[in-house]
Amino acid sequence: MPTLDRQPRPWRVGVAEPAPPDAPSMRDPLVPIDDVSVLVRAYYGTVDTPPEAPTTVRDAQITVARQFPDDFQDRQIFLFVDDQPWEKVRYGQSVTRPVAPGRHRVRAFNTLFSRTLEIDVRPGEHVRLRCGNGFPRAGWLLMMVLHVTYLRVRLERDPA
């Protein structure tokens, strides 16, 4: 077995230079860390007030219930939120969905008439709406004379 005649390398270890007496050390920071306002000013600069911290955006909810006592109870109502199909509601049902905060258009459509409601939704708010089908003012008269009538759709914000 051949042997290698190699000299071992000398270790390169140096001695650290001592810090000058006016240099800050880790134990003595330039900025006192017990005062948070000093840290905020150091981070944001010389601005008088730092920008507000962003708040978490919580989703809001919209609930549409079909529970009018004088509802005709026969024809379904199609719901649209911001012109997107949402749900089909029959009498006695309610639909709840999360929405982003902001302005929304809710439309109830019974395949003959529709009603649109513009609502402003705040973050975390639960908006409750009521919808229903009902006779128009002359509905009973049309029913007695022609044996047919049309149904108007109602959509309103729940006062409760």
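This report describes the fold, the nonpolar core and selected residues of a predicted protein model.

## Basis of the model

The model is predicted: local features need pLDDT of at least 70, side-chain atom pairs count only at pLDDT 80 or more, and totals for chains, interfaces and linings use all residues. Residues are numbered from 1 along each chain as its sequence is written, and side-chain values use heavy atoms, with hydrogens and water left out.

## Overall architecture

The protein contains 2 helices and 8 strands; helices (H or I, at least four residues) and strands (E, at least two) are DSSP runs numbered from the N terminus. Their order along the sequence is α-β-β-β-β-β-β-β-α-β.

Of the 160 residues, 22% count as buried, where buried means under 20% relative accessible area, exposed over 50%, and partly exposed in between (1.4 Å probe, protein chains only). The accessible surface is about 13000 Å², and 55% of that area belongs to carbon and sulfur atoms; such areas come from the Shrake-Rupley method with a 1.4 Å probe, and for residues only the protein chains shown count as cover. A contact means heavy atoms within 4.5 Å. Among contacts in the protein with a separation of 6 or more, 58% are between residues 24 or more positions apart.

## The nonpolar core

In soluble globular proteins, nonpolar side chains tend to be buried together. A nonpolar core is here a set of buried Ala, Val, Leu, Ile, Met, Phe, Trp, Tyr and Cys residues joined through side-chain atoms within 4.5 Å. The largest such core has 19 residues, and those with the most contacts inside it are I62, V64, L79, W86, V106, I119 and L129. Two or more residues of this core come from each of strand 1 (60-65), strand 2 (77-81), strand 3 (84-89), strand 4 (94-99), strand 5 (102-109), strand 6 (114-121), strand 7 (126-134) and strand 8 (152-157).

Apart from its neighbours within four places in sequence, I119 is in contact with I62, G102, R103, H104, V106, V127, L129 and R157.

## Strand 1 and its partners

Strand 1 is mostly covered, with 5 of its 6 residues buried. Strands pair if DSSP finds at least two bridges between them. Strand 1 runs antiparallel to strand 4, with 6 bridges between the two, and parallel to strand 7, with 5 bridges. Q61 stands opposite P98 in strand 4 and opposite H126 in strand 7.

The loop between strand 6 and strand 7 holds E125. E125 is buried, because its relative accessible area is 16%. Beyond four places in sequence, E125 is in contact with A60, Q61, D120 and R157.

Strand 2 and strand 3 run antiparallel and are joined by 5 bridges, in which F80 has P85 of strand 3 as its bridge partner. Their hairpin has 2 residues between the strands, and D82 takes a positive phi near 55 degrees there.

V81 lies in strand 2 and is buried, because its relative accessible area is 8%. Not counting residues up to four places away in sequence, V81 touches W86, H104, R105 and V106. The C-alpha atoms of V81 and T116 are separated by 9.5 Å, although the residues are 35 apart along the chain.

The charged end of R107 sits over the ring of F80, 5.1 Å from its centre. R107 also lies over the face of F109, at 4.7 Å from the ring centre. A charge sits over a ring if NZ of Lys or CZ of Arg is within 6 Å of the ring centre and within 35 degrees of the ring normal.
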